[in-house]
Amino acid sequence: MKFTVKQIATLLGGEVTGNDTLEITGLAKIEEGQTGDISFLSNLKYEPHLYTTQVSAVIVDRSFEPKKPVSPALIFVENSYSAFTQLLEEYHKQLIFARVGVEQPCYIGDDSQVGEQVYRGAFSYIGRGCQIGKNVKIYPHAYVGNNVSIGDNTIVHPGVRILDNCIIGRYCVIHPNAVIGSEGFGFAPQPDGTYKTIPQLGNVILEDFVNIGSGTTVDCATLGSTIIRQGAKLDNLIQIGHNVEIGRNTVIAAQTGISGSTKLGDNCVIAGQVGFAGHLTIANGTKVGAQSGVGKSIEEEGTAINSSPAFGLKESMRSLAVFRRLPELDQRITKLEKKNEKES
């Protein structure tokens with residue numbers, strides 16, 4: 001794919017100094033790029049590279065003033081870091097959505113409907129009665145079960161498993177080897193000490209603009225739906241239990257586990273390796289520190305908690321400070337005890 005410097009500047013709402021007819025074919029770091037690449041400069045620590053770089057164009061802040069002559073074209077924007085991120089997104093979109101057509105072998109079941117500009121990779125499987133929207137990309141070895149709905153512009157990466165009756169929204173991204181709709185962990189203890197499987201008859205709903213990381217599992221509901229609300233972002237290797245609800249624009253880092261029927265509010269930020277007990281309600285805007293264990297509901301919006309069991313962030317940090325001083329405090333107490341013994 002080729003774009004001129006002028007076309008990129010128009011996309012970013014920037015202004016060009018230098019040759020705006022140069023063709024750009026790639027993106028690169030300012031210190032590593034070659035002719036035909038475009039880079040950016042936001043951290044002035046890297047400014048010396050601007051005067052020696054081989055790239056054809058560099059995105060810079062409007063406030064930036066070069067101290068020496070530069071050979072690449074400069075694109076002046078409000079925020080060079082944000083602009084380069086926007087360019088990365090556009091470049092990635094062009095790469096992904098350029099794929100169209102059906103590779104062989106692959107399978108599609110009876111009564112399934114597929115929209116325009118869809119890509120179906122080799123060895124992909126689509127079951128019966130599915131609705132696949134426009135511009136959906138289903139990569140090789142992905143599995144889509146029966147009666148699944150996938151909205152427009154969603155990307156299903158290699159090895160993904162979307163099981164029966166699940167509903168996937170528009171502009172979702174499901175990364176390799178994620179599983180959507182596997183059976184929830186439901187077992188009823190019996191008098192003889194064994195466990196009887198409770199059938200999991202519900203589904204999973206991913207609303208629009210949801211990201212699911214590699215190796216993440218979202219269990220189907222026992223009855224009803226496990227729901228991931230619009231704009232939520234889940235990292236790799238996360239476990240979402242049956243009947244869980246994740247609020248809008250909530251982000252969850254890797255290796256977090258959420259037990260069944262827990263409901264997280266909107267705009268929560270969950271760090272890595274957090275564990276949630278079941279049947280909890282977590283208020284909007286809650287922030288949970290890494291490796292915390294959350295065993296009770298959070299009712300106040302915007303609460304920050306930490307530790308295991310998790311409690312208020314400030315209290316947790318104070319407690320940690322005391323904990324680190326325990327050996328010193330123990331020595332002081334021992335000295336005081338000995339002093340008292342002598343005096344008595």
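These legends describe close-up views of a predicted model.

**View 1. The domain layout of the predicted model.** The domain assignment divides the protein into domain 1 (3–98), domain 2 (160–305) and domain 3 (312–343). Between the centres of domain 1 and domain 2, taken over C-alpha atoms, lie 39 Å.

**View 2. A five-stranded open sheet with mixed pairing.** The strand order is β2-β7-β6-β5-β4. The edges are formed by β2 (15–17) and β4 (26–27). Each of these edge strands pairs on one side only. Helix α1 (residues 5–12) packs on this sheet. Its contacts are with β2, β5 (37–41), β6 and β7. The direction of helix α1 makes about 10 degrees with that of β7.

**View 3. The pairing of β6 with β7.** Strand β6 covers residues 57–61, and strand β7 covers residues 73–77. The two strands run parallel. Five bridges join them.

**View 4. Helix α3 across the five-stranded sheet.** Helix α3 spans residues 80–97. It lies across β4, β5, β6 and β7. Helix α3 runs at about 150 degrees to β5.

**View 5. An open sheet of 10 strands with parallel pairing.** The order is β9-β12-β15-β18-β21-β26-β29-β32-β35-β38. At the edges stand β9 (107–108) and β38 (293–294). Each has a single partner strand, so one side of each is left without a neighbour in the sheet. Strands of a sheet pair through backbone hydrogen bonds, either parallel or antiparallel.

**View 6. The β9 edge of the 10-stranded sheet.** Strand β12 (residues 125–126) runs parallel to β9. Two bridges join this pair. In one of the pairings, Y107 has Y125 of β12 as its bridge partner.

View 7. A search of the whole structure finds one cavity of 30 Å³ or more. The largest cavity has a volume of about 30 Å³. Its lining consists of G293, V294, G295, K296, I298, I305 and A310. By class, the lining residues are four nonpolar, two polar and one charged. Rolling a probe the size of a water molecule over the atoms shows where empty space is left. Two of the lining residues, G293 and V294, belong to the edge strand β38 (293–294).

Methods. Residues are numbered from 1 along each chain as its sequence is written. This is a predicted model: local features need pLDDT of at least 70, side-chain atom pairs count only at pLDDT 80 or more; totals for chains, interfaces and linings use all residues. Side-chain values use heavy atoms; hydrogens and water are left out. Two strands pair if DSSP finds at least two bridges between them. Helices (H or I, at least four residues) and strands (E, at least two) are DSSP runs, numbered from the N terminus. Contact means heavy atoms within 4.5 Å. Axes are lines fitted to C-alpha atoms, for helices over the stretch in contact, and angles run from 0 to 180 degrees between N-to-C directions. Domain bounds come from an automatic or database domain assignment. On a 1 Å grid over the protein atoms alone, a cavity is a set of points where a 1.4 Å probe fits but cannot get out, and a pocket is an open set with protein on both sides within 12 Å along at least five of seven lines; lining residues have an atom within 4 Å of a point. Grid points are joined across faces, edges and corners, and a volume is the space filled by probe spheres set on the points. Ala, Val, Leu, Ile, Met, Phe, Trp, Tyr, Cys and Pro count as nonpolar, Asp, Glu, Lys and Arg as charged, and the others, Gly among them, as polar.
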